[in-house]
Number of protein chains: 2
Amino acid sequence: MLIVSPRRSVAEARQTRSDILASGVRLASAEGLEGLTIGRLATELGMSKSGVLGHFGSKEELQLAVVDAAADIFTREVADKARGVAPGLPKLLAMCRAWVSYLERRVFPGGCFFTAAASEFDDRPGRVRNAIAGLTTVWNRDLYRQTRTAMAAGDLPPETDADQLVFEISGVILALNNATQLHRDTTAPTHARRALTRLIGYPITAITLLLSLRAA
Amino acid sequence: MLIVSPRRSVAEARQTRSDILASGVRLASAEGLEGLTIGRLATELGMSKSGVLGHFGSKEELQLAVVDAAADIFTREVADKARGVAPGLPKLLAMCRAWVSYLERRVFPGGCFFTAAASEFDDRPGRVRNAIAGLTTVWNRDLYRQTRTAMAAGDLPPETDADQLVFEISGVILALNNATQLHRDTTAPTHARRALTRLIGYPITAITLLLSLRAA
């Protein structure tokens, strides 16, 4: 008689859940979060529909879990790259640099996961929309905070309008995503770096390391 | 015996097609172009599915017709506002002013139709994607052309990088759309006008009329 170890079964369930989410993020990035049906994922993974559904309970829970999984990837690929950097201007530059690189490297095959999801869900009130809006707000507030710190440290002019700067930085990133995804424009990362350099007043490339060492 | 006038029937068919497209644009703007099914539209309009399908033949043809109908609205609400204005800087300012106003007035209830459609279709090769990319390219080329004319006329500095300027203008508009739709941020139009004024070097509001009169 075969005794199935419960511990192994929990580990397996976790692995399956993680596999489902990896496929979910990939599919949603290219085809949208709303098109991410239980059936579509089941086919993709060679599982039964009930097998997929069992891990999440509902399509909305699956969508929320996929948003969380995408946020983990953004954290690893963008936020973490700026984690050790000194607050203020060095960190602001490092965040922008990592953000451009994330789109240039096409971390998500369909471009920025959150831009696509925001565009899809901005008119669909509910928990998925709230999750997306919440995550982008947290990121924007961090950009705002670093801008204020840079102003206080004298690294940005005291008359800087921090809200305006964050608005414009996000515009550059949205233009980069749009040009890369819709027009396959390979010059877009250069345009984005140039725009950010002009906005912030410092090159977002080489000088970043220097500033972070100086400020550390 | 009732004789149906063929002329009346053609006019009716045209009206029905136009009603279907008006609903289609409204639905697609809020819920996406891919979610725009024949069945959904038929329910919305109290028509039979075959009645809707008869006007277009396929879902793709319906999507293409909705993109064209949305383009007509953009032309009327944005491009036409700058049509009488003198080429170069006056026209560039008028185009930007009308573009911001179109988003501020929420001409499409779901925000910019083309931004949403681009985000949805950028990973779906085919005729719908090509139509969206083509329309945005035509608009961007017009912005580019006006920039070059403004440079030639001495209204913008000769060292202006026209591609870079168009990239950054589009970013401001994308940020405005995103902030308005996802965050319901009512300060976004002010941020957008400020950003465009700084980018182009002239206020995009009051002075436009003056410049267009001067240049006319």
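Analyst: The side chains of B:Asp123 and A:Arg184 meet in a salt bridge, 3.9 Å from N to O. The model is predicted, so local features need pLDDT of at least 70 and side-chain atom pairs 80 or more, while totals for chains, interfaces and linings use all residues. Residues are numbered from 1 along each chain as its sequence is written, chains are lettered from A and ligands numbered from 1 in the order written, and side-chain values use heavy atoms, without hydrogens and water.

User: Is B:Asp142 buried or exposed?

Analyst: Buried means under 20% relative accessible area, exposed over 50%, and partly exposed in between (1.4 Å probe, protein chains only). B:Asp142 is buried, at 16%, whereas its salt-bridge partner B:Arg145 is partly exposed, at 44%.

User: How many salt bridges does the whole structure hold?

Analyst: A search over all chains finds 28.

User: What rotation superposes chain A on chain B?

Analyst: Copies are superposed by least squares on the C-alpha atoms of residues with pLDDT of at least 70 in both. Here the rotation is 180° with 0.0 Å of shift along its axis (RMSD 0.0 Å). That is the relation of a two-fold axis. In chain A, the C-alpha nearest the axis belongs to A:Gly171, 2.1 Å away.

Terms used
A salt bridge is a side-chain nitrogen of Lys or Arg within 4 Å of a carboxyl oxygen of Asp or Glu.
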